[in-house]
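Have the sequence and the 3D view open side by side.

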Amino acid sequence: MFDVVVIGSGPAGYVAAIKASQLGLKTLCIEESSDAKGNANLGGTCLNVGCIPSKALLDSSHRYYEANKNLSEHGIKIGDLELDLNSMMKRKDDIVRKLTGGISGLFSANKVESISGRGKVISSNKVEVTKNDNSTENIETKNIIIATGSKPIEIPSAIFGKHIVDSTGALSFDEVPKSLGVVGAGIIGLELGSVWSRLGSKVTVIEALDDFLPMADKDISKESLKEFKKQGLDIQLSSKVTKSLEHKDFVTVTYEQDGKEIEKKFDKLIVAVGRSPNSKGVIDEGVNISLNNGFIEVNEFCQTSVSNIWAVGDVVRGPMLAHKGSEEGIMVAERIAEKHAQVNYDLVPSVIYSHPEIAWVGRNENELKADNIDYKVGKFPFAASGRALAVDQSVGFVKVLSENKTDTILGVHVFGPAAAEIVQQALISMEFGASSEDIALTMFSHPTVSEAFHEAALASNNQAIHIGNKGK
Ligand code: FAD
Ligand code: NAI
């Protein structure tokens, strides 16, 4: 009998399993995906076909782009530049192998058992595992954590095939498509669209909504749209794909825009219109747990209506982000061990790994207006940052939103160099309930791009040094 059985080994599941074992609970992790030898392929979407391989390609493609376009003004001349896509892909695959192998090592070190197979909850204390050879085994456990993640959404107007691919296909093209269509200007569309655009594809992004990045602060949506367009992404908003056809060597895509039908031809088409939870066939019908649109229903502690069955990560409500799933996994392991853990869902940071990066934490202006909160704005442009200019990354800004009366920071939004890292500083300060004055009174190293956060906090109270002050 196990104390905890975790179904799924992505960042939600593997972290929950390690934490549970560290807390002295006898833990097993079941993973459906396996390698050629039948061993569990650990790490989930994030490590295998998500966060890690996409960031590896974003980095490589950025280096190529820089070498091709931007080094000459630094006085560095390169002769004939050549792209070796095979080596670029091999580097990405090596990183993935190293990290997924690392999870096996962490499991051994932390005494987590793992088994390859498909898990299904058949009662509150039993999980059925269907192995690769189709044999089944029932495992008894005191607690179950479902962490089965998510998969790409397929739309009827663009069915996946040889040239119409999801994000996984787009991480391993064997040549650079001359022309590339991307359906969906969301996070995957922008990250992977940027990768292939930097490597030479002519990229068209087809987005159904009228607004660009509606979940981001409005200033970031506006400024980043300009920048993406400048970088060569042809972003078509208010465009609804109605039909796509695969031909031998290309795809034709039809979309509606302003009442007109437009047809375009691409070498490849990436469909990135969101992800849906992997909940089908995971819970036996006899177990009384409800689904909402495929998401397993849980309370704020990730507990289902059956008190010893929990669900974490992409398969439950909330943003589909690795760090959100991992923190939920830790919370659940601690609660099973009878500790008082919780996740602060108000402070889940978001990052889009474009160049420059986009990152934020807390609420944006539209959300504060909708909640009738009296707020002030402190903004500082990277164009006025010495370090940003020195490193040739002076696009964008830091924007700090604080409560007018108390000065408490409510949201920090960054578009620019090291945006993701700056937002982690904001995140920590917000966890401690900081005011913009607290940040203003903190000494930052010079020259750093983080100084833009310091200056934006100063600007919240009209005290910025390096710009003309402008509050709300
Ligand atoms: P998953 O990682 O999806 O893992 C679920 C695991 O469960 C899988 O291994 C699956 O095989 C297994 N499984 C499913 N059903 C069963 C079953 N019945 N039995 C046994 N095993 C089962 N997030 C970020 O925070 N930062 C990023 O930079 C980022 N980049 C991304 C880039 C791309 C291209 C994609 C696609 C996603 C990205 N994400 C990113 C999102 C991130 O990958 C997910 O939020 C995260 O992986 C969710 O973790 P999870 O553990 O809930 O699920
Ligand atoms: P997304 O939800 O970010 O974006 C999907 C986009 O597609 C939206 O703009 C939506 O309006 C549009 N869309 C939906 N249906 C459409 C249609 N029929 N035609 C045209 N456009 C359509 O989803 P995406 O990009 O697939 O990513 C899935 C999730 O993966 C993200 O929401 C995020 O949680 C996670 N992710 C996180 C990353 C990060 O943290 N850096 C990187 C990549 C993915």
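## Ligand 1: contacts

Which backbone lies 2.8 Å from a nitrogen atom of ligand 1? The backbone of Gly119 does, through an N or O atom. This is a polar contact, a pair of N or O atoms within 3.5 Å. Thr45 uses its side chain instead: an N or O atom there is 2.6 Å from an oxygen atom of ligand 1. A backbone N or O atom of Leu321 lies 3.3 Å from an oxygen atom of ligand 1. The protein covers 92% of the 1,000 Å² of accessible area that ligand 1 has on its own (Shrake-Rupley method, 1.4 Å probe).

This is a predicted model, where local features need pLDDT of at least 70, side-chain atom pairs need 80 or more, and totals for chains, interfaces and linings use all residues. Residues are numbered from 1 along each chain as its sequence is written, chains are lettered from A and ligands numbered from 1 in written order, and side-chain values use heavy atoms, without hydrogens and water.

## Ligand 1: the shell

Ligand 1 is surrounded by 36 residues, each with a heavy atom within 4 Å of the ligand. Glu31, Thr45, Lys55, Gly119 and Ala322 are the closest. Helix 2 (44-49) gives the largest share, 4 residues. Helices are DSSP runs of H or I, at least four residues long, numbered from the N terminus. The shell divides into 13 nonpolar, 17 polar and 6 charged residues. Here Gly counts as polar, while Asp, Glu, Lys and Arg count as charged.

## Ligand 2

Ligand 2 has 21 residues around it. Ile188, Glu207, Gly274, Met320 and Val351 come nearest. A polar side-chain atom of Glu207 lies 2.6 Å from an oxygen atom of ligand 2. Ile187 has a backbone N or O atom 3.2 Å from an oxygen atom of ligand 2, and Ala208 has a polar backbone atom 3.2 Å from a nitrogen atom of ligand 2.

By class, the shell around ligand 2 has 13 nonpolar, 4 polar and 4 charged residues. Domain 1 (2-152 + 276-346) and domain 2 (164-273) each supply at least three residues of the shell. The domain bounds come from an automatic or database assignment.

Definitions and conventions: A polar contact is a pair of N or O atoms within 3.5 Å; within protein, one must be able to donate a hydrogen and the other to accept it, and residues adjacent in sequence count only if both atoms are side-chain atoms. Helices (H or I, at least four residues) and strands (E, at least two) are DSSP runs, numbered from the N terminus.
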